[in-house]
Amino acid sequence: LEYGYSLVPVMGVGVDDLYQPYVFEWEWYKRMFGHYLFIAMGRFDIIYPRKAEVYNIVGKPMYVAINKDPSKEEIQELSDQFYEELESTLLYYNRTNNKSIKLEYTMK
């Protein structure tokens with residue numbers, strides 16, 4: 001609000017599937033050691049990303065008027081508009097791609 005920069009709602013769909021750890025579920029290994037084999041690679045046991053489809057969904061830009069001293073209500077109103085635009089972008093993506101992805105977010 002202070003500088004009037006446009007906001008563009010953007011989200012990545014499928015990012016959660018990238019960093020699932022590799023777990024080899026070999027029953028013989030579990031019988032011998034009591035757990036499944038977990039594979040991490042690299043110097044610090046980094047979990048490398050898997051191959052997965054990730055889609056970046058870009059919504060319509062939201063033009064913001066310059067307001068040098070915005071109130072908390074104006075900031076909250078802009079935040080609400082942003083999340084509404086994000087939800088409508090995801091709804092459009094779900095309809096056009098026959099998906100059922102839900103938007104979950106928390107405010108801190």
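Student: In which helix is the place of Asn94?
Tutor: This is a predicted model. Asn94 is one of the buried residues listed for a helix. The place of Asn94 is in helix H2.

Student: Does Asn94 count as buried or exposed, and at what relative accessibility?
Tutor: A residue is buried when its relative accessible area is under 20%. Asn94 therefore counts as buried, since its relative accessibility is 12%.

Student: Which residues does Asn94 touch, not counting residues up to four places away in sequence?
Tutor: Residues up to four places away in sequence are left out here. What remains for Asn94 is Lys99, Ser100 and Ile101.

Student: How far apart are the end C-alpha atoms of H2?
Tutor: H2 has 26 residues, and at 1.5 Å a residue they should span 38 Å. The computed distance agrees with this: the end C-alpha atoms are 37 Å apart.

Student: Against which strands do the buried residues of H2 pack?
Tutor: The buried residues of H2 include Leu78, Tyr83, Leu86 and Thr89. An α-helix has 3.6 residues a turn, so residues three or four places apart point the same way. The buried residues of H2 pack against S1 and strand S4 (55–58).

Student: Why is Thr89 counted as buried?
Tutor: Thr89 is found in helix H2. Leaving aside neighbours within four places in sequence, Thr89 is in contact with Pro9, Ile57, Val58 and Gly59. The cut-off for buried is under 20% relative accessible area. Thr89 is buried because its relative accessible area is 10%.

Student: How many Å separate the C-alpha atoms of Thr89 and Lys60?
Tutor: Along the chain, Thr89 and Lys60 are 29 residues apart. Their C-alpha atoms are separated by 8.0 Å.

Student: Which element gives the largest share of the largest nonpolar core?
Tutor: The largest nonpolar core has 7 residues: Met11, Val13, Ile57, Tyr83, Leu86, Leu90 and Tyr93. Strand S1 (10–13) and helix H2 (72–97) are the elements that give two or more residues to this core. The largest share, 4 residues, comes from H2.

Student: Which element gives the most to the lining of the largest pocket?
Tutor: About 230 Å³ of space lies in the largest pocket. Its lining divides into 6 nonpolar, 2 polar and 4 charged residues. Among the lining residues are Met11, Gly12, Val13 and Leu90. The most, 3 residues, comes from S1.

Terms used: Residues are numbered from 1 along each chain as its sequence is written. This is a predicted model: local features need pLDDT of at least 70, side-chain atom pairs count only at pLDDT 80 or more; totals for chains, interfaces and linings use all residues. Side-chain values use heavy atoms; hydrogens and water are left out. A nonpolar core is a set of buried Ala, Val, Leu, Ile, Met, Phe, Trp, Tyr and Cys residues joined through side-chain atoms within 4.5 Å. Buried means under 20% relative accessible area, exposed over 50%, partly exposed in between (1.4 Å probe, protein chains only). On a 1 Å grid over the protein atoms alone, a cavity is a set of points where a 1.4 Å probe fits but cannot get out, and a pocket is an open set with protein on both sides within 12 Å along at least five of seven lines; lining residues have an atom within 4 Å of a point. Grid points are joined across faces, edges and corners, and a volume is the space filled by probe spheres set on the points. Ala, Val, Leu, Ile, Met, Phe, Trp, Tyr, Cys and Pro count as nonpolar, Asp, Glu, Lys and Arg as charged, and the others, Gly among them, as polar. Contact means heavy atoms within 4.5 Å. The expected span of a helix is 1.5 Å times one less than its number of residues.
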